[in-house]
Amino acid sequence: MQRKAYVSGAAVLLAAVLAGCTGGSGVGSSAPDSKGGDTGTTAPVAQPGKYRTLPEACGAADHDTLDALLPGIQETTDETQQEKAYAGEATLTYDTDRRDGCDWKVASAAATDHLFVDFERVVSYDNTVSDEGKAEELYAARQTAADLPEPAASASGDATPSPSGSTVGPADAGDGAAGDDASGAPSSPSASQPPADLQPRALDDLGDEAFLDDKLSTGSSTAQQRTVTVVFRTSNVIVTIEYSEQPTASANTPDSKEMQDRAQKLAQELASRLNG
């Protein structure tokens with residue numbers, strides 16, 4: 001009778017081990033998630049942002065600042081209503097350490113003023129992009145969307161300061177006096193086209209980067225509403241200020257310089273608050 005060949009389990013196991021040691025490096029020979037040239041080290045993770053919390057938006061402006069921006073507050077004789085006007089109304093948010101905003105809207109005898117302040121703390125969920133780097137991206141998108149005009153330039157291509165400090169562009173140059181119309185009489189600048197130094201523009205002395213926008217629009221009545229927007233970035237926080245005014249009388253137009261000065265003053269105060 002023929003005897004059947006018999007191979008012990010130990011021999012089979014030994015053969016498998018030897019085959020694994022001597023096998024080639026073809027497809028499927030490495031772990032699914034491994035990468036060629038991987039030395040086992042981890043790439044450095046981008047740094048978190050400077051800010052981990054945000055100021056309370058409704059407490060960001062003091063009473064003196066709000067009095068200047070919203071004159072109707074001082075005209076309010078009822079103390080309860082006045083305190084409510086100062087307090088503002090917090091915008092809905094689910095995490096005040098990530099985003100916090102506040103609205104104020106106050107009517108006076110001359111106009112209705114509206115102020116909105118928004119703090120946004122940017123967090124990057126990409127390990128290769130820092131929080132500040134992500135904030136830079138978001139800020140750049142905001143500035144691009146604002147579609148700021150090119151700075152006014154002289155015929156030589158450079159911005160030319162006037163004696164008053166404003167910028168004189170090519171339209172101000174010519175044979176006649178600047179600002180004269182065809183009859184030779186001085187013409188006033190259009191309410192919808194502020195002087196060059198009040199045009200929407202980038203700001204150099206606010207946060208890490210900033211811009212200002214200034215627009216006129218017709219609101220619910222025939223009166224023109226002016227909205228001045230200041231946006232600035234400090235590290236990984238983006239701050240937005242929207243300040244608008246609509247006069248009671250349709251013939252009146254809100255003063256661009258006055259509103260821009262007020263909005264920029266508030267922006268400087270908020271920047272100091274962040275850095276303080």
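Predicted model: local features only at pLDDT ≥ 70, side-chain atom pairs only at ≥ 80, totals over all residues.
**View 1. The aromatic pair of Tyr139 and Phe211.** Let's start with the rings: the structure holds 1 aromatic pair. The ring centres of Tyr139 and Phe211 are 5.8 Å apart and the planes meet at 55°, so the pair counts as tilted. Tyr139 belongs to helix H5 (residues 131-146) and Phe211 to strand S7 (residues 209-218), so the pair ties together parts that are 72 residues apart in sequence. Both Tyr139 and Phe211 are buried.

**View 2. The largest nonpolar core.** This core has 36 residues, and the members touching the most others are Leu115, Phe119, Phe232 and Leu270. Among the elements that each supply at least two residues are helix H2 (63-69), strand S3 (111-121), strand S8 (224-234) and helix H6 (256-275). H6 gives the most, with 7 residues.

**View 3. The surroundings of Phe232.** Leaving aside residues up to four places away in sequence, Phe232 touches a set of residues including Tyr139, Leu206, Val237, Ile238, Leu270 and Leu274. Look out, too, for a second, separate core of 8 residues, which includes Ala135, Ala146, Val231 and Ile238.

**View 4. Helix H5 and its packing.** At 1.5 Å a residue, the 16 residues of H5 should span 22 Å, which agrees with the 23 Å between its end C-alpha atoms. Asp131, Gly133, Ala135, Tyr139 and Ala146 are the buried residues of H5, and they pack against S7, S8 and S9.

How values were computed. Residues numbered from 1 in each chain as written. Heavy atoms only, no water. Phe/Tyr/Trp six-rings, centres within 6.5 Å; stacked < 30°, edge-to-face > 60°. Helix = DSSP H or I, 4+ residues; strand = E, 2+ residues; numbered from the N terminus. Buried < 20%, exposed > 50% of the residue type's maximum accessible area, 1.4 Å probe, protein only. Core = buried A, V, L, I, M, F, W, Y, C linked by side-chain atoms within 4.5 Å. Contact = heavy atoms within 4.5 Å. Expected span 1.5 Å × (residues − 1).
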